[in-house]
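Colleague: I have a model open and want to talk through the ligand site. Can you walk me through it?

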Amino acid sequence: MIITLEEASKRLLSGGVVAVPTETVFGLAASIYHEEAIKQIFMFKGRPSDNPLITHVSSIKQVEVLTEELPQDFINLVEVFWPGPLTLVIPIIKERLSSTICAGLPTAAFRMPSHRIALALIEKTGPLVMPSANLSGKPSSTMSSHVESDFGKEFPVLAGDDTNCSLGLESTILLYKNGRWTIGRLGAISPEQLFPILDYIPTFENEQKKPVCPGQRYRHYAPKCALHLTDTPPADCDVIIGFNDREYPKNKRVISIGSLVSPEESAHSLYSVLRLLDDESIPQAWVDTHFPHEGLWSTIRERLNKASKL
Ligand code: TXA
Ligand code: MG
C-alpha cells in the first residue's frame with residue numbers, strides 16, 4: 001500500500017513500521033525511540049536478533065550525541081560520502097542507543113542516505129533504523145513491488161514521484177578498530193574510492209573466517225533458484241544470466257543484467273533479475289561471471305557468490 005511522506009512520518013512517530021526507498025535499496029524503517037517497532041522489524045524480516053541494524057541520520061550531530069568522540073577520519077569520510085551509501089560502525093555510549101538495535105554490541109552503524117525522500121523523512125522523524133526491506137536471506141528490494149511481494153500488498157510503502165533506488169546495491173560498511181578502518185561489507189562505494197581520504201585501501205574483513213558484520217554469517221541475497229556461477233555457460237544449460245553485449249549459445253533464454261561496460265547498470269538490475277527467477281519459478285540458472293574483478297564489479301561478484309550458496 002503506497003503512502004505519502006506525511007503519512008509515513010505520522011506512522012513512524014507513533015511507533016509504526018514502514019518501507020522507505022533509499023538510493024541503495026528499500027529499507028524497513030522504525031524510529032530508534034520505539035522499542036516495540038524495532039522488535040517488529042526483526043519479526044517481519046525473520047531476522048536473527050544477533051544481527052544489528054543501521055541507524056540512519058540526517059545530521060552528524062545525531063551521531064555525536066551517542067558517542068564519546070568521533071574516531072579519526074570519521075569527519076573526513078562523511079564530508080566526502082554523506083549523504084550517500086557509506087555506513088560507518090563506531091564505538092558508542094551503550095546506554096544511549098537501544099541494545100536491540102546494536103544486538104548488544106558496544107558499537108553502532110550509522111549512515112546518512114542521499115535519497116531525497118528518505119532524507120526528508122528522517123528530518124521529520126529523527127533517526128530511523130532501516131535494514132533492507134526483504135525477508136531475511138532473500139534478495140533486497142529495489143522496487144516497491146519487491147517490498148509488496150515479501151510483506152504483502154497491505155504493507156505501507158512510502159513512495160512518491162522519485163522512488164527509484166538509483167544504485168541498487170547496499171551501502172559499503174566500514175568498521176573502526178585500533179586506529180584503522182576495515183570493510184565489513186562490500187557495497188556501492190568501492191574500496192579504491194576510499195584511498196584518497198584514508199591514504200590506504202581498507203581490507204575486506206569478511207574474507208577472513210570470522211565476519212565482523214554479524215549479518216554476513218547468514219545466507220544472503222539468495223533466490224530459491226539454484227545459481228551456477230561460470231565463466232563459460234555449458235552447452236546443456238537452459239537459462240543464462242548474462243550481458244547484452246556478449247554472445248551466448250543460440251536457443252538459450254538469456255536474461256540480461258546490463259552491459260559489460262557499465263557495472264552501475266548491472267548493480268542497478270541485479271536484485272530485480274534475481275527476483276524474476278523466482279517469480280517465474282525457474283529452478284536453475286547459469287550466471288556469466290566473466291567480468292572484471294575491480295571496483296563495483298567486486299561487490300556484484302560478492303553478492304552473486306553469496307546468492308549462489310545453498
Ligand atoms: O544500503 C544499506 O545499508 C541498506 C539501506 C536500507 O540503508 N540497509 C541495509 O541494512 O543493508 P541491513 O540490515 O540489511 O544490513 C546491515 C548490515 C548487517 O550485515 C549488520 O550485521 C551490519 O550492517 N551491522 C550493523 N551494525 C553493526 C555493528 N555494530 N557492527 C558490525 N556490523 C553491523
Ligand atoms: Mg540486508
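Modeller: First a term: a polar contact here is a pair of N or O atoms within 3.5 Å. Also keep in mind that this is a predicted model.

Colleague: Fine. How far is an oxygen atom of ligand 1 from the side chain of asparagine 51?

Modeller: The distance is 2.6 Å, taken to an N or O atom of the asparagine 51 side chain. Histidine 56 also has a polar side-chain atom 2.6 Å from an oxygen of ligand 1.

Colleague: What about a polar backbone atom, say of proline 214?

Modeller: That one lies 3.5 Å from an oxygen atom of ligand 1. As for cover, ligand 1 alone exposes 680 Å², and the protein buries 98% of that.

Colleague: How many residues surround ligand 1?

Modeller: There are 28, and Thr24, Asn51, His56, Ser171 and Gly215 are the closest. By class, 16 are nonpolar, 8 polar and 4 charged.

Colleague: Which strands each supply at least two residues of that shell?

Modeller: Strand 4 (54-56), strand 6 (107-111) and strand 9 (172-177). Strand 6 gives the largest share, 4 residues.

Colleague: Changing topic, which residues of helix 7 are buried?

Modeller: Helix 7 covers residues 144-151, and His146, Val147, Glu148, Asp150 and Phe151 are buried.

Colleague: And what do those buried residues pack against?

Modeller: Their partners are strands 1 (2-3), 2 (18-20), 3 (27-31) and 8 (157-158), along with helix 2 (35-45) and helix 9 (263-279).

Colleague: What comes just after helix 7?

Modeller: Glycine 152, with a positive phi of about 100°.

Definitions and conventions:
Residues numbered from 1 in each chain as written. Chains lettered and ligands numbered in written order. Predicted model: local features only at pLDDT ≥ 70, side-chain atom pairs only at ≥ 80, totals over all residues. Heavy atoms only, no water. Buried < 20%, exposed > 50% of the residue type's maximum accessible area, 1.4 Å probe, protein only. Contact = heavy atoms within 4.5 Å. Near = heavy atom within 4 Å. Polar contact = N/O pair within 3.5 Å; in protein donor to acceptor, adjacent residues only side chain to side chain. Areas by Shrake-Rupley, 256 points an atom, 1.4 Å probe, with all protein chains shown as cover. Nonpolar A, V, L, I, M, F, W, Y, C, P; charged D, E, K, R; others polar.
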